[in-house]
Amino acid sequence: MEVLIMQPAFGEISVSDFFYRHRELAGFSNPSRATYMVIREAVENSLDACEEAGILPNIKVSLSYTGDELCHLRVEDNGPGVPPSEVPFAFGKFLYGSKFGVRQSRGVFGLGITMALLYSQVTSGRPARIIVSNGGDIFEVKLRIDIEKNMPLVEGKKRLANMEEWHGSIVELYFKGDYPRAEKRIMEYFKLTSIASPHAEIAFTDPAGDQHLFRRSVEKAPKQPVETLPHPHGVDAEMLRRLLKRSEGKSLLSFMVKSFQRVGYATARKFLESAGFSPHQPTSTLTNDDVLELLDAMRKYSFPPPDARCLSPIGEDALRDAIMRIFEPEFVAVCERPPSVYLGHPFIVEVAVAYGCKGIEGEIVLYRFANRVPLIYDAHSDVSMNVLRRFNWGSYLHVRPQATAVFTHICSTRIPFKTAGKECIADPPEVEREIELALKECCRRLKTHLTGRVSVEERGRRFNAYKKYLPKIAQFASELAGRKNAPNVSLILERILEGKN
Amino acid sequence: MRDVLVKLEALGESICVQLENGELPFIDIPSRTTSNIIYDKAEGRFVLGEARTRRTTSNVKHLRAFTQTVWMAYMAKRLIEEGKSTTLRDLYYMAESYGVKFKDQQESDSIIADLEALLGVPREQLRIFPEERATVYGDLTIKYNVQGYEKTTLNLTASPDGVAIGPALAGAEFQNCGAERVIMVESGGMFTRLIEERAHEKFKALLIHTAGQAPRLARQFAYRLRRELGLPVYVFTDGDPWGAHIAMVVISGSANAAHVDSIVIPDAKWIGVLPTDIEEYKLPFEKFNEKDWKRLHDLMADPRYQSPFWREQLKRFEEEGRKSEQQALSIHGLSYVTEKYLPEKFA
């Protein structure tokens with residue numbers, strides 16, 4: 001009997017090949033969800049480009065069908081425009097961040113728009129069309145990805161005259177999609193993006209040709225988060241090894257100061273001595289065990305909390321205005337928590353409770369954001385949902401609020417996503433606690449509003465009663481006393497109106 | 001009358017001064033709640049304790065009641081000054097034209113009681129009277145002293161239906177009296193029977209029809225007859241706890257009016273129908289119903305019923321659970337009450 005043994009082909013696969021094989025990990029699991037993902041990646045790519053250049057984003061999105069299942073997406077922004085020479089690599093190659101600095105950003109894996117291109121190419125077989133300009137000539141690039149090699153393949157390049165000093169970029173993609181099934185989520189995505197990025201104006205033309213305009217409510221681009229060094233509590237063994245490698249030849253003291261935030265010479269010296277390392281030991285002499293020992297000591301040592309300048313919260317006012325504009329609630333309570341830390345990663349939690357929203361059915365609806373990106377899928381096991389589920393409204397308000405939307409925004413240099421789909425946040429206790437505290441604070445503010453509203457009504461009723469009866473009392477009393485003139489009660493009434501009596 | 005006017009003026013002045021000082025005015029009213037109604041054994045009647053309730057305009061919930069009280073005082077002042085009188089019901093209706101509305105007459109009656117307590121003056125002195133009137137019949141000549149009737153005299157046998165005891169009669173001067181006793185009668189039927197049987201002549205009696213619980217004017221009238229003419233007062237009611245209590249209010253005054261009620265006739269006598277009469281005169285009777293039992297037990301707990309005579313009466317009621325109306329005496333003939341029953345009572 002002949003036995004055929006298949007020899008497994010062990011070999012290296014490229015990043016692009018990995019995501020080609022496992023595209024569900026990046027959220028491209030079916031045509032409906034992929035439609036949402038393609039739009040989302042393209043829009044966020046545009047938002048990032050504009051924000052980095054300090055430009056107020058104007059983004060035009062249009063989606064149409066060219067076949068039964070074949071969609072055509074066009075996303076145009078008014079960003080600075082990627083230099084034409086960099087287009088192939090910016091769009092057509094999966095990049096691993098080579099930088100050691102940290103700051104809040106929308107993407108996590110550096111997949112972004114490239115993943116959308118990959119999905120487009122795989123499902124439509126057609127190249128992406130990228131058009132860019134910095135205000136000068138316009139360049140059009142047709143681009144494919146060599147998936148096996150993770151390399152961009154330029155299929156055609158054109159140079160066009162720019163008559164109107166247009167700048168920005170346009171991405172056009174064909175892909176297999178299912179808009180009808182994704183429509184609800186896509187509309188929700190745009191609505192929420194307009195809240196998380198209220199400085200952006202987004203126009204979306206859907207396959208039926210209807211245009212949905214999401215206006216900007218903030219006329220200022222948000223302050224760009226500052227790129228900072230990692231915090232000593234925020235690195236793992238691999239990261240530490242890489243940092244050490246980069247600083248070869250330096251002393252440990254200098255390494256600590258130059259590689260980490262919140263570590264000055266005094267702190268570094270104290271830390272190294274307490275950990276049993278000589279501050280003057282060159283980093284190159286550290287053994288593998290030394291590195292692990294150093295990491296362990298770093299985790300145990302109490303460094304000052306991480307710098308939060310690398311974070312860009314939406315801000316209480318901007319969040320309130322944006323929610324007011326989109327959901328038209330009766331009242332919004334907003335709370336931005338002070339920066340906090342989990343595992344060395346700084347994060348800020350913002351929570352808003354919008355009471356009496358138009359168009360909300362049912363009692364309480366949760367909307368989640370992470371680093372200004374709305375999270376549409378996988379809400380059920382999200383940390384915010386967990387907090388909300390066991391939150392006792394009764395102890396803050398008299399009743400469970402009706403027609404209420406709860407918004408949670410977590411911004412961090414590293415969002416603790418549960419999955420690579422970036423839709424569901426895990427629940428480190430620190431994050432959970434901050435969400436809960438912010439929610440409680442919102443409830444207190446909402447309660448003040450609700451009781452304030454009652455007391456305004458009541459003050460009015462009270463004043464009316466006095467306005468009606470006090471002059472009568474004065475009149476009857478003066479006739480009873482045999483006086484000619486009734487005492488003047490207008491001063492008393494004034495004080496009552498001002499709520500002083 | 002001067003006293004009352006002074007008190008009313010002082011009330012108005014104190015409110016005016018508080019308002020002028022920019023304060024929200026208040027008045028302290030003797031509390032009329034049960035816990036503040038105390039039985040004064042020496043006086044044989046209920047009096048109010050020391051507790052006072054503050055009615056203050058700084059509490060928006062008191063605002064309306066405060067206005068009503070001041071309005072009521074103002075109305076009383078006008079009635080006195082203009083020599084007019086009015087009824088509880090009138091006041092309830094009049095309030096509306098002054099922008100002072102009462103929910104119902106009960107509310108306006110209660111404000112009047114507050115004013116009585118506040119001034120320590122019964123409403124009759126404020127020229128405010130109830131609708132219901134008792135009537136009187138018998139040989140008494142009175143002289144009115146109300147406007148327009150200053151010279152008019154009247155003998156109370158003038159009408160076979162009796163003469164209503166209104167404010168004019170209650171305040172009239174007694175000129176000539178042929179009567180030697182007063183009989184207060186609960187029911188209209190018995191009152192008419194006694195007149196027809198000429199009881200006023202046989203017993204030299206003034207007959208007062210109370211029509212149930214005696215109105216304050218009727219009690220005041222009887223009180224004056226007792227005090228000014230020395231006539232003994234007898235109370236003749238149905239033979240049940242309710243009848244007993246009509247007699248008791250004549251004797252000891254009413255708890256509801258503890259704040260002003262000084263009209264007591266301690267030596268007035270309940271002559272019947274006594275519970276023992278039912279057996280003795282072989283009167284047809286009915287068994288007590290639930291309400292009768294409850295009333296009886298209320299009376300047994302009442303401090304006014306603690307004398308041996310009253311304790312004995314209530315005990316008999318309790319033992320037999322029987323009641324008889326005044327008219328039950330007619331079973332022995334229409335004249336029985338004047339021929340047999342009353343002569344034995346006055347014997």
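**View 1. Glu238(A) counts as partly exposed, at 33% relative accessibility.** Buried means under 20% relative accessible area and exposed means over 50%, with partly exposed in between (1.4 Å probe, protein chains only). Arg241(A), at 39% relative accessibility, also counts as partly exposed. Glu238(A) forms a salt bridge with Arg241(A). Their closest N and O atoms are 2.6 Å apart. A salt bridge here is a side-chain nitrogen of Lys or Arg within 4 Å of a carboxyl oxygen of Asp or Glu. Both residues lie in helix H6 (residues 237-246) of chain A, 3 residues apart, or about one turn of the helix. Helices (H or I, at least four residues) and strands (E, at least two) are DSSP runs, numbered from the N terminus.

**About the model.** This is a predicted model in which local features need pLDDT of at least 70 and side-chain atom pairs count only at pLDDT 80 or more, while totals for chains, interfaces and linings use all residues. Residues are numbered from 1 along each chain as its sequence is written, chains are lettered from A and ligands numbered from 1 in the order in which they are written, and side-chain values use heavy atoms, leaving out hydrogens and water.

**View 2. Glu107(B) pairs with Lys103(B) in a salt bridge.** The closest N and O atoms are 3.7 Å apart. Glu107(B) is buried, at 16% relative accessibility. Lys103(B) is exposed, at 63%.

**View 3. Arg316(B) and Glu320(B) form a salt bridge within one helix.** Their closest N and O atoms are 3.1 Å apart. Both sit in helix H12 (residues 308-320) of chain B, 4 residues apart, about one turn of the helix. In chain A, salt bridges with shared partners join Arg74(A), Glu76(A), Arg129(A), Glu140(A) and Glu172(A) into one network. Over all chains, the search finds 53 salt bridges.

**View 4. Cys442(A) is buried, at 0% relative accessibility.** Its closest cysteine sulfur is in Cys335(A), 5.3 Å away, so the two are too far apart for a bond. A disulfide needs a pair of cysteine sulfur atoms within 2.5 Å. The structure holds 0 disulfides over all chains.

**View 5. Asn150(A) has a positive phi of about 55°, although it is not a glycine.** Asn150(A) lies in the loop between strand S4 (138-146) and strand S5 (151-160) of chain A. It is buried, with a relative accessible area of 5%.

**View 6. The peptide bond from Gly272(B) to Val273(B) is cis.** Its omega is near 0°. Val273(B) is in the loop between strand S15 (269-272) and helix H10 (275-280) of chain B.
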